[in-house]
Amino acid sequence: SISEADYDDPEKNRLVTDFLRLYDCCPITDRGAALVLSHKDRVTHPDQAIKFLAHSTCEDTRPFEKRMLFENYPQEEPLYLACRELFSDPILSRQGWTRAKLLKTGILEFHNAIGPLILLSLIEAGFISHENIVQNFSSFDLERVNPSGGLLSGHPLSATFPSLLHFCRLRLIGQASPHVDSALIHSIWGLRDRISVSVFGI
């Protein structure tokens, strides 16, 4: 455990980069993070394993100045295109995974820095219609959106993909609340022009 004295001790809590010290950096998210993928027959603790169900990526090839115009919104947004492809995945379709099922039994982790972007992500991912936004958003169950805190708790301390996957895994195997049976993780890199969307289950 780390005490307040340890945190204030410059020798124990050395500077890593700029304003980040050792105890500000999470081993789950910073540098040494790794994801281990394995066939289900080789998993030694099946009760702690989760399934990788589907994945989609999209790159925004529009000139940067046109991305802020919101023309043909949300149909030209990379998150919209990635989710359209994701939920067309035959594996998800055969298992009955839809947006409605995810909302009912799962959680959504969006890569967002400020609160209003969560609303845009919900619209672009197809979970909320951009028509009657206020009514749709006010009736939405936000407890299932970013239960980890996402980027709202500060980047890069807690919002990289491995960290979001870690938080989702704890909820999928019942070690954190809410206990769910599916999780969608949205991640962004670059100037918000490259995104990935992945779905995990148990």
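Helices (H or I, at least four residues) and strands (E, at least two) are DSSP runs, numbered from the N terminus. The model shown is predicted, so local features need pLDDT of at least 70 and side-chain atom pairs count only at pLDDT 80 or more, while totals for chains, interfaces and linings use all residues. Residues are numbered from 1 along each chain as its sequence is written, and side-chain values use heavy atoms, with hydrogens and water left out.

**View 1. Asn13 in the loop between helix 1 and strand 1.** Asn13 is placed between helix 1 (4-8) and strand 1 (15-17), and with a relative accessible area of 0% it is buried (buried means under 20% relative accessible area, exposed over 50%, and partly exposed in between, with a 1.4 Å probe and protein chains only). Its contacts (heavy atoms within 4.5 Å), leaving aside neighbours within four places in sequence, are Asp6, Tyr7, Arg21, Leu22 and Tyr23.

**View 2. The largest nonpolar core, of 27 residues.** A nonpolar core is a set of buried Ala, Val, Leu, Ile, Met, Phe, Trp, Tyr and Cys residues joined through side-chain atoms within 4.5 Å. In this one, Leu108, Phe110, Leu122, Phe127 and Leu184 touch the most other members. At least two residues of this core come from each of strand 3 (51-59), helix 3 (78-86), helix 6 (115-124), strand 5 (182-189) and strand 6 (194-201), and helix 3 gives the most, with 4 residues. Apart from this core lies another, of 10 residues, which includes Cys168, Ala183, Ile185 and Phe200.

**View 3. The surroundings of Leu108.** Not counting residues up to four places away in sequence, Leu108 touches Leu102, Leu103, Leu122, Phe127, Phe140, Arg144, Val145, Asn146, Pro147 and Leu184.

**View 4. The buried residues of helix 3.** Pro78, Leu79, Ala82, Cys83 and Leu86 are buried in this helix. Seen down the helix axis, the buried residues of helix 3 fall within an arc of 125 degrees, so they line one face of the helix; the arc is that of the directions from the helix axis to the C-beta atoms. In general, an α-helix has 3.6 residues a turn, so residues three or four places apart point the same way. Cys83 counts as buried at 0% relative accessibility.

**View 5. The two aromatic pairs of the structure.** Rings of Phe, Tyr and Trp (its six-membered ring) pair if their centres lie within 6.5 Å, and planes under 30 degrees apart count as stacked, over 60 as edge-to-face and the rest as tilted. The structure holds 2 such pairs. The ring centres of Phe52 and Phe200 are 5.5 Å apart and their planes are at 65 degrees, so this pair is edge-to-face. Because Phe52 lies in strand 3 and Phe200 in strand 6, the pair ties together parts that are 148 residues apart in sequence. Phe52 is partly exposed at 49% relative accessibility, whereas Phe200 is buried at 6%. Phe87 and Phe127 form an aromatic pair that is also edge-to-face, with 6.3 Å centre to centre and 80 degrees between the planes. This pair links distant parts of the chain, with Phe87 in the loop between helix 3 and helix 4 (90-94) and Phe127 in the loop between helix 6 and helix 7 (133-138), 40 residues apart.
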